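Try each task before you read its solution.

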Amino acid sequence: MAVVDVSEELKSLSSTMESIEAVLDLDKMRADIAVLEEQAAAPSLWDDPEAAQKITSKLSHLQAEVRKAEALRGRIDDLSVLFEMAEEESDPEESAATRAEAESELTSVKKALDEMEVRTLLSGEYDSREALVNIRAEAGGVDAADFAEQLQRMYLRWAERHGYKTEIYETSYAEEAGIKSTTFAVQAPYAYGTLSVEQGTHRLVRISPFDNQGRRQTSFAGVEVLPVVEQTDHVEIDESDLRVDVYRSSGPGGQGVNTTDSAVRLTHLPTGIVVSCQNERSQIQNKATAMNVLQAKLLERQRQEERAKMDALKDGGSSWGNQMRSYVLHPYQMVKDLRTECEVGNPQAVLDGEIDGFIEAGIRWRKQQEK
């Protein structure tokens, strides 16, 4: 790579970084950090554990974002020094080694810049919120139930890789293997904006481990992503519109998780929406959590009606009802996103939570569709 080419490329990287810094508004983020640090230092902080957790979580996220941006800016600035050192080195071998190091760092910086640029594309009304993820087995019998459980594990592993806290609210286990459905929260800022591109119908093609004749089976599972409801949202729920059922929590194979009827199922009679929660020990806690999930679903319903268009988040829409990704394990190995054409040849890595490439491609694709 010629010196002039490197110089132009470094200028381009610096310009892109300036645009990202402007969109992120680092000065505002630093001001917000100062306010949150003051709140976090208050002696009464943990009098309200839920509020305290939100403050500390938001503070930690903002600090990490600012550190990441500052570190990347430093790396871009240091690149010019590295290339200059390579040019000024009198020993050809030392010059070549420094040059190789600089070019390797350049490639790494480009990748990090691309990832940070994706974050600036999350500018939707609810993109900054935490996420509620619903997964349900669809066509394909026991293979679909097993696939739904694999998808749950995939997203939980993805969250774990990023250090995001998760909480499973409810899991309905299938009789033979896998799950009928599950609902869990990803408790991190921008989790909704990030994961919302994952919603839709996922398709698995493989030799079924549940078929004694070893035949190939195609099965489907649906993923729905909703923004977590906050106090500023106005979602009115009349108690008379609710049917509340309590039952005993169960695990795989119908095994009882506890000995009391603490699990709660809420049915919103006007809409027919049903939500369940069984992760807490207390019936009161489970009902409160189920109400939060119901409010999130009703908030999304309101958004659909206000926009007067087909749902982009739930069944019947352009994503929840349609295929968006195929996982092929036989006769070849490939995972392919049907919207972005992004594909990889290692399905096991994807199912182990390596889905950032698909997410980033999906966010960029969605932004293109909005133009």
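This is a predicted model: local features need pLDDT of at least 70, side-chain atom pairs count only at pLDDT 80 or more; totals for chains, interfaces and linings use all residues.

**Exercise 1. Find how far helix α9 reaches, and which of its residues are buried.**

Step 1: Helix α9 spans residues 356-370, and its 15 residues reach 21 Å from the first C-alpha to the last. Helices here are DSSP runs of H or I with at least four residues, strands are runs of E with at least two, and both are numbered from the N terminus. That reach is close to the expected 21 Å at 1.5 Å a residue, where the expected span is 1.5 Å times one less than the number of residues.

Step 2: Phe358, Ile359, Gly362 and Ile363 are the buried residues of α9. Buried means under 20% relative accessible area, exposed over 50%, and partly exposed in between, with a 1.4 Å probe and protein chains only.

Step 3: These residues lie on the same side of α9 because they cover an arc of only 135 degrees around the axis; the arc is that of the directions from the helix axis to the C-beta atoms. As background, an α-helix has 3.6 residues a turn, so residues three or four places apart point the same way.

Residues are numbered from 1 along each chain as its sequence is written, and side-chain values use heavy atoms, with hydrogens and water left out.

**Exercise 2. Find the aromatic pairs and classify them.**

Step 1: Rings of Phe, Tyr and Trp (its six-membered ring) pair if their centres lie within 6.5 Å; planes under 30 degrees apart are stacked, over 60 edge-to-face, and the rest tilted. This rule gives 2 aromatic pairs.

Step 2: Phe147 and Tyr327 are edge-to-face, because their ring centres are 5.4 Å apart and their planes stand at 70 degrees. The pair links distant parts of the chain, with Phe147 in helix α5 (residues 141-161) and Tyr327 in strand β9 (residues 323-328), 180 residues apart. Phe147 is buried at 0% relative accessibility, and Tyr327 is also buried at 0%.

Step 3: Trp158 and Tyr164 are edge-to-face too, at 5.5 Å centre to centre and 70 degrees between the planes. Trp158 is buried at 2%, whereas Tyr164 is partly exposed at 29%.

**Exercise 3. Work out the strand order of the open sheet and where its edges are.**

Step 1: The open sheet has 8 strands in the order β2-β3-β1-β5-β4-β9-β10-β11, with mixed pairing. Two strands pair if DSSP finds at least two bridges between them.

Step 2: β2 (165-173) and β11 (343-344) are the edges; each has a single partner strand, so one side of each lacks a neighbour in the sheet.

Step 3: β2 pairs with strand β3 (residues 179-187) in the antiparallel sense over 8 bridges.

Step 4: Strand β4 (residues 200-207) has 6 of its 8 residues buried. 8 bridges join β4 to strand β5 (residues 216-227), running antiparallel, and 5 bridges join β4 to β9, running parallel. In β9, Leu204 has Tyr327 as its bridge partner.
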